[in-house]
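Look at the model first, then read on.

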Amino acid sequence: MLSTIALLLFPTGMALAASSDVLTMKISNKLVLAITAAFFIIALAVQLPLQLLGMHVMCALAVLCGGFALFALGWIGGGDAKLAAATALWLGFALIVPYLVYSALFGGVLTLMILGLRRLPLMPIFTRYAWLERLRDPKSGVPYGVALALAGLMTYANSAIFALLAA
């Protein structure tokens, strides 16, 4: 029972991050910290080897640095950079390349979908949804947290943490 709950923590965090980004164009620092803290609690519970734990932390720090560089250039939001780093913590170096490739692919598709949405007239029934109006605003960004969360979910089942929890 406890391992099932632990297995679901990461997917739940990803779902919350994606939905928050769509609805508010923000990813809460508290949510990112909760995803990060959950990793350390579970890593200790499943006795993730210390070397592997260190490598996961190094991977997350590398992604955080890269994410903040992209944030400084105005290419992604700060919440996206932090979410990517928290996700990298769960996945480690072994899965970072597939995660980043999936993120780019899903992000491209998401961007094209939103650009298409912005070209279509909005039916009056949908104008009452502020989040949908925000997505349609050409001055608004793209909720890239959706792509990051989907990519994280795609790679999670191959992670060391998942393997230890599922065993």
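## Contacts, helix pairs and core

Not counting residues up to four places away in sequence, Phe-162 touches Leu-7, Tyr-156 and Ala-157. The model is a predicted one. Phe-162 lies in helix 8. The cut-off for buried is under 20%, and for exposed over 50%.

| Helix pair | Axes come within | Crossing angle, roughly |
|---|---|---|
| Helix 3 (residues 50–72) and helix 4 (residues 78–91) | 8 Å | 165 degrees |
| Helix 4 and helix 5 | 7 Å | 135 degrees |

Take helix 3 and helix 4. Their axes cross at roughly 165 degrees. Angles over 145 degrees count as roughly antiparallel, so that is the label for helix 3 and helix 4. The crossing of helix 3 past helix 4 is right-handed. On the helix 3 side, the contact is made by His-56, Val-57, Cys-59, Ala-60, Val-63, Leu-64, Gly-67, Phe-68 and Phe-71. Helix 4 answers with Gly-78, Ala-81, Lys-82, Ala-84, Ala-85, Ala-88, Leu-89, Trp-90 and Leu-91. By class, this contact has 14 nonpolar, three polar and one charged residues.

Helix 4 and helix 5 cross at roughly 135 degrees. The pair is therefore oblique. Ala-84, Thr-87, Ala-88 and Leu-91 of helix 4 meet Phe-93, Ala-94, Leu-95, Ile-96 and Tyr-99 of helix 5. The class count here is eight nonpolar, one polar and no charged residues.

Now the core. Nonpolar side chains tend to be buried together in soluble globular proteins. In this model, the largest nonpolar core has 41 residues. Which residues have the most contacts inside it? They are Phe-39, Trp-90, Ile-161 and Leu-165. At least two core residues come from each of helix 1 (2–24), helix 2 (29–45), helix 3, helix 4, helix 5 (93–119), helix 7 (145–156) and helix 8 (160–166). Helix 4 gives the most, with eight residues.

Trp-90 also belongs to the contact of helix 4 with helix 3. Leaving aside neighbours within four places in sequence, Trp-90 is in contact with Phe-10, Ile-35, Ala-38, Phe-39, Ile-42, His-56, Tyr-156, Ser-159 and Ile-161. Among them, Phe-39 and Ile-161 are also listed with Trp-90 for the most contacts inside the core.

Conventions:
Residues numbered from 1 in each chain as written. Predicted model: local features only at pLDDT ≥ 70, side-chain atom pairs only at ≥ 80, totals over all residues. Heavy atoms only, no water. Axes fitted to C-alpha atoms, helices over the stretch in contact; angles between N-to-C directions. Helix = DSSP H or I, 4+ residues; strand = E, 2+ residues; numbered from the N terminus. Parallel < 35°, antiparallel > 145°, perpendicular 65-115°, else oblique. Left-handed = near helix turned anticlockwise from the far one by under 90°. Contact = heavy atoms within 4.5 Å. Nonpolar A, V, L, I, M, F, W, Y, C, P; charged D, E, K, R; others polar. Core = buried A, V, L, I, M, F, W, Y, C linked by side-chain atoms within 4.5 Å. Buried < 20%, exposed > 50% of the residue type's maximum accessible area, 1.4 Å probe, protein only.
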